[in-house]
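Q: Could you take a close look at the salt bridges here and walk me through how they sit in the fold?

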Amino acid sequence: MARVTVEDCIDKVDNRFELVLLASHRARQISQGAQITVDRDNDKNPVVALREIADSTLAPEDLKEDLIHSLQKHVEVDEPEADGQELIDQADTAVAAEVDREDDNVAFDRMSEEELLAGIEGLVPPEKSDDY
């Protein structure tokens, strides 16, 4: 079979750079043991990947989605949203727990106004130096 060229694939994938990304991703999949959809004919994995794209045995959109998924480090999982009242209850519980933790860590000294004034009057003013 004749070698496949980029021109054979360009009508399936418009952008040459995207074609290279998709074909290299598919070649990696083949080297990891994925089933090929065309005859190998003693070709290497990148050529097989390009032939698969040229023969439309694989959808470029599926390859692109799989490539994006393989590059993602964090995959978001859609979870059902809680209704408004549940969110308010959760926030109130979190605030109450935070207040309880703060109350455990903080101790206040209580003193009267007279004790405070007496303490302030007992302070000695700083000495003046000649440097200023």
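A: **Salt bridges up close**

Asp41 and Arg51 come together through their side chains in a salt bridge, 3.7 Å from N to O (the term means a side-chain nitrogen of Lys or Arg within 4 Å of a carboxyl oxygen of Asp or Glu). Asp41 lies in the loop between helix 2 and helix 3 and Arg51 in helix 3, so the pair ties together parts that are ten residues apart in sequence. Helices here are DSSP runs (H or I, at least four residues), numbered from the N terminus. Bear in mind that this is a predicted model, where local features need pLDDT of at least 70, side-chain atom pairs count only at pLDDT 80 or more, and totals for chains, interfaces and linings use all residues. Residues are numbered from 1 along each chain as its sequence is written, and side-chain values use heavy atoms, leaving out hydrogens and water.

As for cover, Arg51 is buried at 5% relative accessible area, while Asp41 is partly exposed at 44% (buried is under 20%, exposed over 50%, partly exposed in between, with a 1.4 Å probe and protein chains only). Asp43 joins in too: Asp41, Asp43 and Arg51 form a network of salt bridges.

Now for Arg26 and Glu52, whose closest N and O atoms are 2.6 Å apart in their salt bridge. Arg26 sits in helix 2 (residues 16–31) and Glu52 in helix 3 (residues 45–54), so this pair links parts 26 residues apart in sequence. Arg26 is buried at 6%, and Glu52 is buried at 0%.

Then there's Glu7 with Arg16, a salt bridge at 3.7 Å, N to O. Glu7 is exposed at 51%, and Arg16 is partly exposed at 46%. Across the whole structure, the search turns up six salt bridges.

Technical notes. Helix = DSSP H or I, 4+ residues; strand = E, 2+ residues; numbered from the N terminus.
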